[in-house]
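Dear colleague,

I am passing on the structure we spoke about, together with some notes on what was found in it. Please look through it with the notes beside you.

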Amino acid sequence: ALMIAMGVGVFLGLEYGLAVAINHEQWYLIGAVFIGTICLAAIYAKPSIAFIAWLTLSPVAGIYLRLGKVGDLPQITFDRVMIYSLVMVLLLRCLAAKQRPRKLILPEYLLLAFPVFIILTIPFFPHDSPQRTALQFMTRIGDPVMVYFIAKAAILDKRHIGAVVAGLFAVGVYSTAMAMYDHFTGRMSLAAISGIEADLYYSDAGGRAAGPFLSPLDLGAMLSITIPLALHYAEWTKRNAARYLYWLCVPTMAAAWFFTYTRGAYIPLVVVMLLMPVLAVKCRRRYLAALTALAILGMVGLPIYIARPDVAKRLTQRKTAEGRIVLAKTLANLIRANPWFGVGLHNYREEMPKYIADDLLARWIWHGGSSRSLPELTSSHNTYLTLAAEHGLVGLALYLGSFVGFGAYLLRLRKRFPAEEFLGRDLVSLVVLVMAGFFLAINTTNMEGRSYVNCVIWILVAAVIRLAQIVDDETKCVGGERADVQGGFAYGR
């Protein structure tokens, strides 16, 4: 009866929403309903497969399916339609089966504490509109938190975890192909798919590769995940042809990674490649060989590219560093004036002019860093300073606590996994180091524009935690038979 009542309520709500949209000629909402209906049908039939399909297709589909805007934020996106539909279907299934929720682990409490803190503080700060505030909240932390719990609920067995890894590797493959097109043609590959010629957003240094993400930093961060995955596949595949193919992917993806010409994007892969030979068990020799080969390739190829004036200017220009120092000092002044709870969600740009020193701004403009005033700059270029400025030291501590808590938890879980399996100890080590690299990389950028890569980090964390739960569930026997393995929302029946 509850399911029927909810179904009727959803139907009537959609009918009313369509009527209002037609009356106000909001055609993008009508388009979103059709897209949502198709996605909802697929999710209801096979939520796990729908989740993996979203993960694999999101970088491309998420760009094409964006409808309506509030300011600079899209209202309806492919990602949100899929994420919210998955949450609704998985929760309804859990309620219909009368399953008890799993107990949260400590890092999950910390992960939830940060968005709860933001919600509680929103009424105390000025905001443009409730709709824009909601979109800003979901972009910053709401969507990644939801994706983490969706991943835990959608992953039911080891095959799904293997499919998640395969999906991410597929993203790396087509992103590399698109990045090469970007770099060598100077045209946007994403537009070329539609038969449209468009220049790259970042055309300096001969064209910075961005792939489907339209951002060199996002592409570099994503390839920092998929390059080690190629090495992982090369270690465990039994077919020589496949092994050679994975090995070929490593330098190809590494070239696309370098062609981003973005220093912050280089950090995660450097962390992984330097530390995986220490943490790896089965794959140690392969990582050492790859690290040596990439180092030789870098020593030969880097001087050639640095000899190009445009590349040298891009990677070594002083005014970029000076400008970021100005931004950092301004945000530090703002934080000192509002230390505990900050200035509110997405208010740092409006507040920065009150805290910038005239001599710093004059020096920034004098060196040719920008022809615009500081609040108009596109990013703070530092996630931690942004969080501290907007949510205070309390909010920053909650965010950092979730990262550190999950990292420590995964390191402890690592010892429980076998070393001689594809979904084993080396994969867990890789996830931990990817987290660490991302943790360092967002010190050079504002994470708000990194929505997909941010979600991928939390999906990998959720996959490892679910893998540990699946292994535990498989060892629990009821009457000599294996216990039911349910999604991450609930215990077995």
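Please keep in mind throughout that the model is a predicted one. With a relative accessibility of 0%, P228 counts as buried, because anything under 20% falls into that class. Once its neighbours within four places in sequence are set aside, P228 is in contact with L223, L269, V272, Y287 and L430. For one of these residues, L430, there is also a C-alpha distance: the C-alpha atoms of P228 and L430 are separated by 7.6 Å, although the two residues are 202 residues apart along the chain.

S224 lies in helix α9 too, which covers residues 216-236. This serine is likewise buried, with a relative accessible area of 1%, and its side chain reaches the backbone oxygen of G220 at 2.8 Å. Leaving out neighbours within four places in sequence, the residues in contact with S224 are W257, A265, P268 and L269.

As for confidence, the protein chain has a mean pLDDT of 81, and 81% of its residues reach 70 or more. Over residues 477-486, however, the pLDDT is below 50, and this stretch has 20 contacts in the model beyond near neighbours in sequence. Residues 488-493 also stay under 50 in pLDDT, and for them the model has 28 contacts beyond four places in sequence.

Note on methods. Residues are numbered from 1 along each chain as its sequence is written. This is a predicted model: local features need pLDDT of at least 70, side-chain atom pairs count only at pLDDT 80 or more; totals for chains, interfaces and linings use all residues. Side-chain values use heavy atoms; hydrogens and water are left out. Helices (H or I, at least four residues) and strands (E, at least two) are DSSP runs, numbered from the N terminus. Buried means under 20% relative accessible area, exposed over 50%, partly exposed in between (1.4 Å probe, protein chains only). A polar contact is a pair of N or O atoms within 3.5 Å; within protein, one must be able to donate a hydrogen and the other to accept it, and residues adjacent in sequence count only if both atoms are side-chain atoms. Contact means heavy atoms within 4.5 Å. pLDDT is the predictor's confidence in each residue, from 0 to 100.
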